[in-house]
Amino acid sequence: MSTDAEQAHSPHGTPPPRPAHPPRTAPERPSAPPSRPANAPGFTPDPETPVLGVRAKAPFSRGTAEASGTRVPPQPSTPPRPSVPPRTGGPFGNGGPGGRRRPPSRTAAAAASLVLGLGLLGGAAAGSWLGDAPGAQPSTADTYAHARSAWHSIPVDDLFPRTLRGKGEGPGGADRVWTRIAVAPDSSCGGGFDPLLAKALAPVGCKRLVRATYTDATSTSVTTVGVLITTSGPTGMRALQQRFVTEKLDERTDLMPRAYAAKGTAAAGFGDDQRASWRIRILTDAPAVIYTVTGFADGREVTDPQSAGEATQRGATSAPAQSGLGNDARGIADAIESGFRRALATFTETTS
């Protein structure tokens, strides 16, 4: 290294070389502050900045994050718009919960079907009492139970009218009129039938027996009519009716009903020996047996009693046939049966 004096006395007289500039160095950039951990409070990563080797996306991609085994915080986004709540059912046709609104036409059709169905059921119940054919279909067990409890609520004048009129019910098609002269208190069936008839009716049971006695317009004949309310159901009543028809039990003289001989009336002398004709009807659409037994009002004995079916046949010559007692037994039985059905139908309608 030469001094300044040495450079001034150089033999060549050339100026000394200029000292070299020091090499330029780029100014140091300030170091970035250390990054905060992802779980530090207030950390908000840049969507375009890699975080632990995984680029976060907005919104968060569940598949990418779970595949790499890393957890990326969800990015803030615009809150979703509230969805419209689903329609719920109600009384004005919106349908069931979450369902669709029912069209008015379908609602009207459903209402019409309901009304029609109720009408058919009501008509069937009422019609079961009005059919009076011997082979009528039996009513249901519920209808039987209703009828079995209705007998004591029917007015006596509806069950046993004060006057009965039989158009063409007399011999030769003559009109008949019968007047009620006595009504027996309701009772059990004891003493109401001959022993063999009581045994034949036993399968259907006896809940109650109600009776009344009528006389004709001339007071020469008397007729007791009875309504036996049974404890049986439709099956038992059908079986009993079939047995009476098959075995002709209603024509046997040892299976006659007994009379109600009310004291102080024209029927006071009406006993077992005075019985001349009878009729027994086993109903199958109601728990009931309707019967009649007729005789002479003067108390005379009858040695050849005959059922109403036989005494009303053409050409019958027995005393019951010629005197019209068979006609009385048949006519009164038919009239009481028709009134019994009407009374039950009316009672059913008023209590429904």
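This is a predicted model: local features need pLDDT of at least 70, side-chain atom pairs count only at pLDDT 80 or more; totals for chains, interfaces and linings use all residues.

Modeller: Residues are numbered from 1 along each chain as its sequence is written, and side-chain values use heavy atoms, without hydrogens and water.

Biologist: How much space lies in the largest pocket?
Modeller: A pocket is an open set of points on a 1 Å grid over the protein atoms alone, where a 1.4 Å probe fits, with protein on both sides within 12 Å along at least five of seven lines. Its volume is the space filled by probe spheres set on the points, joined across faces, edges and corners. Here that is about 350 Å³.

Biologist: Which residues lie nearest its centre?
Modeller: Lining residues have an atom within 4 Å of a point. There are 16 here, with V245, D250, R279, I280 and R281 nearest the centre. Strand 7 gives the largest share, five residues; strands are DSSP runs of E, at least two residues, and helices are runs of H or I, at least four, numbered from the N terminus.

Biologist: And the second largest pocket: which element gives the most to its lining?
Modeller: Helix 10 does, with nine residues. This pocket holds about 210 Å³, and its 15 lining residues include D158, L159, G339, R342 and A343, which lie nearest its centre.
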